[in-house]
Amino acid sequence: MKIIAGNWKMNGNPSELAEMLQGLGALDTENRVILCVPYTMLRAGNNIVMLGSQNVSKYDSGAHTGDISAKMVSKSGATVTLVGHSECRTELHDTNADVAERAARALENDLLPIICVGETAPERDAGLTEKIVETGVRESVPKNAANGGFIIAYEPRWAIGAGITPTYDQIQQVHNLIRKTLDEMGFADTPILYGASVTEQNAAEIMSIKNVDGVLVGGASLKKETFVPIINSVK
Ligand code: PEP
């Protein structure tokens, strides 16, 4: 069983989501499928798909115009949220501490957080990948997290939407580091996803790498024609 999570970013509309849910609901798969969609489309999922948001507020409620709380997401029927996605770290200037607060609110409201970590191109070029990733995991997982109660997604930020991926050896090396770090933190049962430029062509091979428990898919999750083959590429 693998976890296949899609991230629609700022794309799609309710009728496209309804069509996607109908298509995915008919799949015969043991994999866990998640779709993180814009807030305006949040609702309960179906027998195959868990629906989630792409972020939640650090705050519970109050004077935070434009923000959406974890409680609001939870009340919509959705059960998952991304936190710390590269685009939020860039555009909202989220630090690891901010991400941990968002993840804490998610857990308090019964949402499964997918906590994203990864290095930028300058960090990679400076040889800092392992340091950034390990620190990202240690600092972005909140204090109220339980073993197996959240997911880590490793997303090399330079590869997102770029049509390129690290070598499989590099993915393995980083996932081994994350697994070791999670073990040391007492979170041995936490799944680790790989994300960035996953396609139907590379999904099965990426998911065959040790310590890769699934994938987080952006562009290729938008259409059934490209998402379903990724889900069906592994048992
Ligand atoms: C993402 O946005 O999380 C992502 C992995 O995007 P893409 O698959 O398009 O690189």
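This is a predicted model: local features need pLDDT of at least 70, side-chain atom pairs count only at pLDDT 80 or more; totals for chains, interfaces and linings use all residues.

Reader: Why is the pair of Phe-150 and Phe-187 called edge-to-face?

Author: The ring centres are 5.1 Å apart, and the limit for a pair is within 6.5 Å. The planes stand at 90°, and over 60 degrees counts as edge-to-face, so this pair is edge-to-face. The structure holds two aromatic pairs.

Reader: What makes this a link between distant parts of the chain?

Author: Phe-150 sits in the loop between α6 and β6, Phe-187 in the loop between α7 and β7, and they are 37 residues apart.

Reader: How do you know whether Phe-150 is buried or exposed? And Phe-187?

Author: Buried means under 20% relative accessible area. Phe-150 has 0%, so it is buried. Phe-187 has 11%, so it is buried.

Reader: What makes Arg-124 count as lying over the face of Trp-158?

Author: Its distance from the ring centre is 4.3 Å, against a limit of within 6 Å. The direction must also fall within 35 degrees of the ring normal, and Arg-124 is listed as lying over the face.

Reader: Why are α4 and α6 called oblique?

Author: Their packing angle is about 40°, with the axes 8 Å apart. Roughly parallel needs under 35 degrees, and roughly perpendicular 65 to 115, so the two helices are oblique. Their crossing is right-handed, and the contact involves residues including Ala-100 and Ala-103 of α4 and Gly-136 and Glu-139 of α6.

Definitions and conventions
Residues are numbered from 1 along each chain as its sequence is written. Side-chain values use heavy atoms; hydrogens and water are left out. Rings of Phe, Tyr and Trp (its six-membered ring) pair if their centres lie within 6.5 Å; planes under 30 degrees apart count as stacked, over 60 as edge-to-face and the rest as tilted. Helices (H or I, at least four residues) and strands (E, at least two) are DSSP runs, numbered from the N terminus. Buried means under 20% relative accessible area, exposed over 50%, partly exposed in between (1.4 Å probe, protein chains only). Axes are lines fitted to C-alpha atoms, for helices over the stretch in contact, and angles run from 0 to 180 degrees between N-to-C directions. Angles under 35 degrees count as roughly parallel, over 145 as roughly antiparallel, 65 to 115 as roughly perpendicular and the rest as oblique. A crossing is left-handed if the near helix is turned anticlockwise from the far one by less than a right angle, and right-handed if clockwise. Contact means heavy atoms within 4.5 Å.
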